[in-house]
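Please read this briefing beside the sequence and the structure displayed below. It takes the overall fold before turning to single residues.

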Amino acid sequence: MDEVKADVAALLLDYLKLEKVEFIFGVPGGGLIHMLHALYEAEDGPRYVVCRQETGAAYIADGFYRASGKLGAVMVTTGPGATNALTGVMNAEAGGSAMLLLTGEIAEEYNGMGYLQEGVDGKLDVNDVYKASVAYSAVLSSEENAQRLTEAALRTALDVPHHAAHLSLPVDITKAKQADIDMPKHPFRYRSDPPVAETKKVTQALELMSRAKRPLIMLGNGCREPLRDPGTQSALTQLVEARGIPVMTSADGKGVFPEDHDLSLRAYGIANAIWPFYWMSQTDPDYDALMVIGSGLGELATDKWKPLIRPNGPIIQVDANARIIARDFPVDLGITGEAGDFIRQLAKQSGTALPPQAEVNARKAKIAQIKKEYSPFDSPGDYFSQAGPLHPAALCRVMQEELPDDNTIVMLDAGNCVGWGVHYLTAKPGFEVHSSLDMGPMGFAVGAVVGAKLARPDAACIAITGDGSFMMQGAEISTAQRHGIGAIWIVLHDNDLSMVSQGMEHFMRGDIKKWQDMFSLGQPDLAKFAEGLGAATATVSNPTELRAALQNAQNSNRPQVIVAEINRTAQPPYYNQLYVPSKEEARVITTLGDNNG
């Protein structure tokens with residue numbers, strides 16, 4: 001430890017440097033005066049990236065974390081700066097992204113006097129707002145507690161699972177000089193390794209899976225960071241290959257196990273692939289064991305907890321967060337532990353007690369048979385379509401053909417983009433697909449792709465967004481332009497909030513054209529909007545035009561916006577009758593639900 005004497009603003013920057021934070025995203029203001037001055041004076045350390053709106057700043061930080069695995073840092077000013085950031089920071093908390101938010105606050109000497117944008121001691125208690133929204137929130141109320149509370153916030157944000165944490169910074173505290181303090185030389189002086197699964201429980205899990213004739217592994221978003229480690233991914237691959245166990249993922253875990261692998265059943269839940277249905281529903285033998293790693297098994301991961309996912313046998317659930325184990329389904333074995341450690345332990349033990357090779361071969365043959373007989377896609381004809389207006393399924397095919405197989409990051413926005421991307425994109429090693437399915441905020445991908453490209457400038461970084469979402473956060477194109485960030489946005493233009501209009505027609509009857517008119521966006525000129533913010537643009541209406549636009553858009557340091565005029569009647573595979581009720585059945589269920597209160 002080194003003894004340091006500095007003001008609180010400098011201390012905060014020292015901690016961010018210790019955590020190897022390269023960028024802080026936000027919008028400045030008077031409540032940050034000393035923090036901004038400390039950044040101005042610093043010879044090294046984080047660079048402040050001024051964004052166009054605070055929600056967008058948080059989305060950009062989230063995208064930066066997802067692409068790099070490094071802490072996303074956000075710094076915004078008092079009052080509306082703090083509340084504008086809230087949705088983006090809550091979204092990071094819900095999705096398990098590591099984020100630290102710093103918000104300005106008026107000087108404590110003015111508390112209760114009606115100072116402009118007064119927060120903590122006024123009607124807007126920002127600390128209470130964030131305490132109700134993220135894993136950790138505190139006010140640095142004294143130079144004496146600044147170090148302790150900063151370490152607590154970082155410890156929480158970088159815990160496993162990761163969280164969002166918030167610190168409120170009164171102006172007078174950030175300029176206060178501290179007594180001599182000991183500055184740690186390494187983060188692990190104030191935070192520890194994640195929880196490790198008990199060896200005996202790993203053994204129990206292996207025994208339960210070994211007894212099964214048709215076992216299944218499901219991986220969630222909690223496996224994404226652990227499985228970026230080549231050794232852990234190799235251990236999982238060897239395990240399932242040696243045992244012939246298929247792997248499916250939740251939608252937000254899409255691609256954590258390569259979807260081009262022979263044992264991959266792709267994604268289950270919202271916008272399911274077709275293959276999991278046949279593995280879980282066929283008999284002789286029955287589907288009889290499920291191991292879930294790193295998924296909370298929430299609504300979108302399970303098709304609203306559809307009974308299909310429950311095996312005729314044990315459920316094993318593994319998660320670093322003990323509070324979500326058995327939350328949605330009763331389990332036969334719950335294991336608290338970090339996903340990567342559990343997988344490595346399981347693989348190590350597995351090598352000493354493999355099942356009979358005939359049994360393994362039979363499972364592999366059944367998986368191969370399913371894949372031969374059934375496309376993973378709800379509509380292969382739409383996927384291979386060459387027609388215009390552009391079908392979104394065909395859009396995914398062209399993306400797959402034109403973007404680098406081993407160095408692409410796709411951010412899916414809320415709405416129909418999720419259905420198209422989760423179902424029709426194939427996530428391979430190096431081809432990452434990210435969504436935000438716990439909070440599901442519109443506009444997430446519009447900002448997140450900027451952070452991803454800043455973190456991984458060598459990668460093709462693409463947002464698939466709808467026109468409604470694009471207009472919510474599209475101003476962040478200007479942020480990308482200012483910093484030479486060549487992210488690519490593909491905007492599905494149908495002049496409609498289609499997930500809403502299609503969903504209302506599906507569940508509540510009515511004329512789809514009337515629903516579309518209700519949610520019409522007024523035919524905005526999205527290309528002109530984007531051009532005005534500094535983007536190069538292209539408008540496409542068929543696969544050939546999209547292919548050319550993608551080829552032109554790559555390897556540029558200028559933001560690129562492709563406006564895709566899509567088939568406005570196309571519906572994502574949210575309502576595939578293998579998994580969900582038919583339109584008629586859904587309307588009956590909805591009516592019964594209303595009548596039952």
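Of the contacts (heavy atoms within 4.5 Å) in the protein with a separation of 6 or more, 78% are accounted for by residues 24 or more positions apart. This is a predicted model, in which local features need pLDDT of at least 70, side-chain atom pairs count only at pLDDT 80 or more, and totals for chains, interfaces and linings use all residues. Residues are numbered from 1 along each chain as its sequence is written, and side-chain values use heavy atoms, with hydrogens and water left out.

**Overall form**
- Along its principal axes, the C-alpha trace of the protein spans about 75 × 60 × 55 Å.
- Of the 597 residues of the protein, 59% count as buried, a term that means under 20% relative accessible area with a 1.4 Å probe and protein chains only.

**Cysteines**
- The structure holds zero disulfides, a disulfide being a pair of cysteine sulfur atoms within 2.5 Å.
- C51 is buried at 4% relative accessibility, and its sulfur is 16 Å from the closest cysteine sulfur, in C461, which is too far for a bond.
- C396 is buried, with a relative accessible area of 1%, and because its sulfur lies 9.4 Å from the closest cysteine sulfur, in C417, the distance is too far for a bond.

**Surroundings of Q502**
- Q502 is buried, with a relative accessible area of 5%, and the side chain of Q502 reaches the backbone oxygen of A570 at 2.9 Å.
- Not counting residues up to four places away in sequence, Q502 touches N416, I512, R568, A570, Q571, P572 and Y575.

How values were computed: Buried < 20%, exposed > 50% of the residue type's maximum accessible area, 1.4 Å probe, protein only. Polar contact = N/O pair within 3.5 Å; in protein donor to acceptor, adjacent residues only side chain to side chain.
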